[in-house]
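Student: I would like to learn how to read a model of this kind, feature by feature. Please give the general idea each time, then the case at hand.

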Amino acid sequence: MDTAIITGALTPALCSVIAAVSFLAGGVLTYFFYRVMLKRKRVNIIKEAELEAEVIKKDKILQAKEKFYQLKSEHEKIINEKNNKINQIEQRIKQRELALSQRIAESQKEKQEIEAIRSNLNTQLELVEKKSEEMGRLHKLQVDKLEAISGLSGEEAKTQLVESMKEEAKTEAMSYVNEIMGEAKMTANKEAKRIVLQSIQRVASESTIENSVTVFHIDNDEIKGRIIGREGRNIRALEAATGVEIIVDDTPEAIILSAFDPVRREIARLSLHQLVTDGRIHPARIEEIVLKTQNQIEEEIVEIGKRTTIDLGIHGLHPELVRIIGKMKYRSSYGQNLLQHSREVANLCSIMAAELGLNPKLAKRAGLLHDIGKVPDDEPELPHAILGMKLAERYKEKPEIVNAIGAHHDEVEMTTMIAPIVQVCDAISGARPGARREVVEAYIKRLKDLESMALAYPGVMKTYAIQAGRELRVIVGSEKISDKDAEKLSYDIAKKIQDEMTYPGQVKITVIRETRAVSYAK
């Protein structure tokens, strides 16, 4: 029982010691085992590393060998290519050397042949000289015999022979020339008549006499009073703004617009139409409408010029020349509209140039532009042909066209074949019924001279020649000219016209000076 108690009491302590000894022994055994395993593992890793290093070494050696062989093959390839090129160059050099040797041999052979030919020629020249000397001696002997027989020297006989041949040649030549000239004249006259008649027949034209008045129709006569305005202020404002004399008389439902300038009449007609349609007629409104109408007419002029050039197939004209062509619609020439006349001349020129084998497009262009000097913006003291020539030259037209424009009335010398064609076609168009060239031009020039003369005075703003030049209206600025100065200006203009101009009947000079105050109610 005591033993059992002791055993029971010592068992936990003994178990702890045994456990600790066992744990310590296990730890030592584990450590040694771990050391052994770690050593084996390290040996294995080293062996694997050595094996892997050996494999890598072998791979690198193989790669190096492959790279070496690749570089060696590339090097050999490059060397072979260079050797081939060298061989080719050597072959070409050998061929050139061979060709050069052949050329040298051929040149030496040719040189020998030339020397042989030269020697042969020298021998022949010597023979020719000997024969020439012999022939000269024989010729002199024969001439001496002939002179002795005829009693004339060689020079005298030659002179007589030449003179007789000259006379005979002249006679035959004159006969031949006269025959050719007669035939040429007959043919030329016949051909010229054919060309002119064919050109006229192929061009349809109109002859419309230009009037100096336009009739404006109205719905009822009550509108006449509104157009005249209180104390005539509306009609005065309209006449001052347009430069057209407005005649309101007893003619039913009609107002007469009188002016030599068709552009002014058209502006006045359109302005009246807008004013009557709108119903508001007073001086300020009149000035606004007239200005707007002037701009519309200017746009219409450009559009007419463009349409004319397109219809005729003429391209590349300067815009200013196109505008001048459009202005021709509002001018007259040879009793017909100037634009219609120029179109007719252009078509005639084209047909005639084609018949003569010349450039029809160039001739048509010259025919259309031949009268552009009649519608300039300013009025220089130059014939219209010279002025048109200067305008065409300014806007870079060809020299042939410039010369044709300047020479169509013989102001300058004709230097091209187009110029006489334009002159002839202008005459053909002008010879139609209603053409009264000198009268119309002198009339228009006198009216323009009247306006220009008055416009040159200081303080004058606008001038209008109306009633066919029997009255000149001068509009002056109220701030520059007083009432007394207006009377003096009227007298001075009348005196200058009387001293410097030639005119039928009498000319009435009316100086208009008025002050306006315009306000708007909003």
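Student: Where is the place of Lys396?

Tutor: Helices (H or I, at least four residues) and strands (E, at least two) are DSSP runs, numbered from the N terminus. Lys396 lies in the loop between α10 (384-394) and α11 (399-407). The model is a predicted one, in which local features need pLDDT of at least 70 and side-chain atom pairs count only at pLDDT 80 or more, while totals for chains, interfaces and linings use all residues. Residues are numbered from 1 along each chain as its sequence is written, and side-chain values use heavy atoms, with hydrogens and water left out.

Student: What is the phi of Lys396?

Tutor: Most residues other than glycine have a negative phi. Lys396 is not a glycine, yet its phi is positive, about 65°.

Student: Is Lys396 buried or exposed?

Tutor: Buried means under 20% relative accessible area, exposed over 50%, and partly exposed in between (1.4 Å probe, protein chains only). Lys396 is exposed because its relative accessible area is 74%.

Student: Which value does phi take at Asp410?

Tutor: Asp410 also is a residue other than glycine with a positive phi, near 65°. Asp410 sits in the loop between α11 and α12 (418-430). With a relative accessible area of 54%, Asp410 is therefore exposed.

Student: Which side chain does Asp410 join in a polar contact?

Tutor: A polar contact is a pair of N or O atoms within 3.5 Å; within protein, one must be able to donate a hydrogen and the other to accept it, and residues adjacent in sequence count only if both atoms are side-chain atoms. The side chain of Asp410 makes such a contact with that of Gln423, at 3.0 Å. The C-alpha atoms of Asp410 and Pro420 are separated by 9.6 Å, and these residues are ten apart along the chain.

Student: What does Ile386 touch?

Tutor: Contact means heavy atoms within 4.5 Å. Not counting residues up to four places away in sequence, Ile386 touches Gly406, Glu411 and Val412. Ile386 belongs to helix α10, and Ile386 counts as buried because its relative accessibility is 14%. From Ile386 to Gly373 the C-alpha distance is 7.3 Å, for a separation of 13 residues in sequence.

Student: Why is Lys327 counted as buried?

Tutor: Lys327 has a relative accessible area of 12%, so Lys327 is buried. Lys327 is found in helix α7 (residues 319-327). Leaving out residues up to four places away in sequence, Lys327 touches Ile301, Val375, Pro376 and Asp377. The side chain of Lys327 also reaches the backbone oxygen of Val375, at 3.5 Å.

Student: Where is the place of Glu266, and what is Glu266 in contact with?

Tutor: Glu266 is part of helix α5 (residues 262-278). Neighbours within four places in sequence aside, Glu266 is in contact with Ile297 and Tyr330. Glu266 and Thr293 are 27 residues apart in sequence, with their C-alpha atoms 9.2 Å apart in space.

Student: How many residues of helix α4 are buried?

Tutor: Eight of the ten residues in α4 (residues 233-242) are buried, and the helix is mostly covered. Among them are Ile235, Leu238 and Glu239. The cover over the buried residues of α4 includes α3 (222-228), β2 (245-247), α6 (283-312) and β6 (460-466). Just after α4, Gly243 has a positive phi of about 75°.

Student: How many aromatic pairs are there?

Tutor: Rings of Phe, Tyr and Trp (its six-membered ring) pair if their centres lie within 6.5 Å; planes under 30 degrees apart count as stacked, over 60 as edge-to-face and the rest as tilted. The count by this rule is two aromatic pairs. Tyr31 and Phe32 form an edge-to-face pair, 5.8 Å centre to centre with 70° between the planes. Tyr31 counts as partly exposed because its relative accessibility is 43%.

Student: What is the mean pLDDT of the protein chain?

Tutor: pLDDT is the predictor's confidence in each residue, from 0 to 100. The mean for the protein chain is 79, and 80% of its residues reach 70 or more. Residues 204-210 have pLDDT below 50, and this stretch has 17 contacts in the model beyond near neighbours in sequence. Where pLDDT is low, the predicted coordinates should not be read in detail.
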